Amino acid sequence: MDTEPAVLTSQSSKSTIPSANSDERKAGDLRLAPANPESARTQNGSPVDGCKGSEVMSKRQMKKLIRQKQWEDQRELRKQKRKEKRQKRKLSRQAQVAQSIEDNPNKRARREIQPSKVRLVIDCSFDELMALRDVKKLNKQIRRCYAENRRAVHPVQLYLTSHGGQLKSNMDEYDKGWINWKDIHIKSEHYKDLMKPEDLVYLTSDSPDVLHEIDESKAYIIGGLVDHNHHKGITYKQALELGISHAQLPLGSFVKMNSRKVLAVNHVFEIILAFLEKRDWKEAFFSVLPQRKGAVPIDETAEAPADDSSAREGGEECESDSESEDDTAQTESKDNEDNKNS
């Protein structure tokens, strides 16, 4: 009987006196509970366990919306700035082109190009008369003609006719890019099968007729022959046999040369291009003829050494190996310059 009250007291004390840990847990629960249940949100902003109310925007979201609005408001300003930059770059490029042309008169703007209706034909029908080394020289001269025509102020309609044999094989082996050449007509047919006979004029120094003007309705033929004068007069004979017109360049009326009056295929071609631009034979000759030829104007008092060799328009006679190498080097350097400019 005496012990029972003590037991009851002990049990009641356990049930009525809260422990310190219990008080801490309750306090922690109170601190974690939101002050306003309506504002309870998950991390993505949705209400927690059915809590209702308007969404609350975080500071980060507010800044993002402000930046987006500023971006939209400045759209036209950015567009205007881009336009000004493009205009500035355009003016800068034009200034560079103008300065380049001023520094080098040989360069010109593309807008100045005015294609000519004149047809210049390189007759490659003499393939069997040439040794392989001479065919290689002819290939280099043709490449030079093509490069010069691409740069000309008044580019002509360039034709290669009777293309085949050793020449085609050499071009396939050493210059496979020729199949992608632009603004050139490469034909296996003979020129007489491609053009009207009345339109043809063969350029040969053996002709008694002198060419004074270029007729845009005509096709002027340059003999693609490098034979070191082994076949004299062959182009003139061919013109007579076909019954077509013939003429020689007025070289003797304007030029005296210290060396033989020998013009390679590319020299004749370039002289025609120069005349179409300058409309003056004297200027055309002296802008093309190499200095090594010792060419001087015919009206100067200096007398050139006598030379019985006749001039060969159309490449009937070609320059020496060293001269050919010089011309080829110049062609390659000009081609590289064009690639950089393009």
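In this model, α8 passes α9 in a right-handed crossing, where right-handed means that the near helix is turned clockwise from the far one by less than a right angle, and left-handed anticlockwise. This is a predicted model, in which local features need pLDDT of at least 70 and side-chain atom pairs count only at pLDDT 80 or more, while totals for chains, interfaces and linings use all residues. Residues are numbered from 1 along each chain as its sequence is written, and side-chain values use heavy atoms, with hydrogens and water left out.

**Overview**
- The protein chain holds ten helices and eight strands, taken as DSSP runs (H or I, at least four residues, for helices; E, at least two, for strands) and numbered from the N terminus.
- Of its 342 residues, 36% count as buried, meaning under 20% relative accessible area with a 1.4 Å probe, protein chains only.

**Helix α8 with α9**
- α8 and α9 pack at an angle of about 135°, with axes 8 Å apart; the axes are lines fitted to C-alpha atoms over the stretch in contact, and angles run from 0 to 180 degrees between N-to-C directions.
- That angle makes α8 oblique to α9, since angles under 35 degrees count as roughly parallel, over 145 as roughly antiparallel, 65 to 115 as roughly perpendicular and the rest as oblique.
- Residues in this contact (heavy atoms within 4.5 Å) include Ile-271 and Phe-275 of α8 and Trp-281 and Phe-285 of α9.

**Helix α8 with α5**
- α5 and α8 pack at about 15°, with their axes 8 Å apart.
- This makes α5 roughly parallel to α8.
- α5 also passes α8 in a right-handed crossing.
- Among the residues that meet here are Leu-138 and Cys-145 in α5, and Phe-269 and Leu-273 in α8.

**The nonpolar core**
- The largest nonpolar core has 58 residues, and Ile-214, Leu-249, Ile-271 and Trp-281 have the most contacts inside it; such a core is a set of buried Ala, Val, Leu, Ile, Met, Phe, Trp, Tyr and Cys residues joined through side-chain atoms within 4.5 Å.
- Elements giving two or more residues to this core include β1 (119–123), α5 (132–151) and α8 (265–278).
- α8 gives the most, with nine residues.
- Beyond its neighbours within four places in sequence, Ile-214 touches Val-118, Tyr-220, Ile-272, Phe-275, Leu-276 and Trp-281.

**Gln-238**
- Gln-238 lies in helix α7 (residues 234–242) and is buried, with a relative accessible area of 13%.
- Leaving aside neighbours within four places in sequence, Gln-238 is in contact with Asp-123, Ser-125, Phe-126, His-190, Tyr-191 and Tyr-202.

Note on methods:
Buried < 20%, exposed > 50% of the residue type's maximum accessible area, 1.4 Å probe, protein only.
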